[in-house]
Amino acid sequence: MCIICRPAKYSKIMKTFSDKQKTPRAQFYADNAIDYSDYVFNGGEGTLTVSGLTMSEYNTLFGSTVNAGGVLVKSTDVAPEVAILFERKKLGSSYIVLYTLYACKFAPPAIGAKTMEGGVEEENVELKFTVRELADGGIFYMLDSESAPQAQIDGWYTAVTKP
């Protein structure tokens, strides 16, 4: 299952996206000196801000039950793992970089409301998520449209891509 964040082709519009990879430092010592030092990638966490959520997106993101135009959120809901697919413009060019974050789980958003004194405001929903590594160690994949085959770029949003 995947979440697609591409305004030009899909209805879900990503307002902002932030992902911070967990990269703890591994250090090993020998004779009171650092013998080996490296950073280990092991997942991460982030925030996705979108313009509202539909009832079916509650099911997709949080495992909630959708029925007759409503959604039932229960304490027993289990959020499924999803992949997040999105793209960014490549700096200083007309190309894009396409991204897939694997094995993401979203936490349900906070519920809030305020009085609409004379106007309507956009509903921004902030979604927090975690990313874990796959069995093969994969966390994310990115593709540069400047050098990738056109068929791979055109099919990016049709399936979760792995190299």
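Tutor: A residue counts as buried under 20% relative accessible area, as exposed over 50%, and as partly exposed in between. Asp144, at 24% relative accessibility, is therefore partly exposed. Please bear in mind that this is a predicted model.

Student: Which residue forms a salt bridge with Asp144?

Tutor: Lys90 does, and the closest N and O atoms of the pair are 2.6 Å apart.

Student: How many salt bridges does the structure hold?

Tutor: There are four salt bridges. One of them pairs Arg132 with Glu81, with 2.5 Å between the closest N and O atoms.

Student: Where do those two sit in the chain?

Tutor: Arg132 is in the loop between strand E10 (124-131) and strand E11 (140-144), and Glu81 is in the loop between strand E7 (70-72) and strand E8 (82-89). The two residues are 51 residues apart, and the pair links distant parts of the chain. Arg132 is partly exposed at 39%, and Glu81 is also partly exposed, at 32%.

Student: Changing topic, what about Lys128?

Tutor: Lys128 forms a salt bridge with Glu126, the closest N and O atoms being 3.5 Å apart. Lys128 has a relative accessible area of 48%, and Glu126 has 46%.

Student: Which residues are joined into one network?

Tutor: Lys90, Asp144 and Glu146 are joined by salt bridges that share partners.

Key:
Residues are numbered from 1 along each chain as its sequence is written. This is a predicted model: local features need pLDDT of at least 70, side-chain atom pairs count only at pLDDT 80 or more; totals for chains, interfaces and linings use all residues. Side-chain values use heavy atoms; hydrogens and water are left out. A salt bridge is a side-chain nitrogen of Lys or Arg within 4 Å of a carboxyl oxygen of Asp or Glu. Helices (H or I, at least four residues) and strands (E, at least two) are DSSP runs, numbered from the N terminus. Buried means under 20% relative accessible area, exposed over 50%, partly exposed in between (1.4 Å probe, protein chains only).
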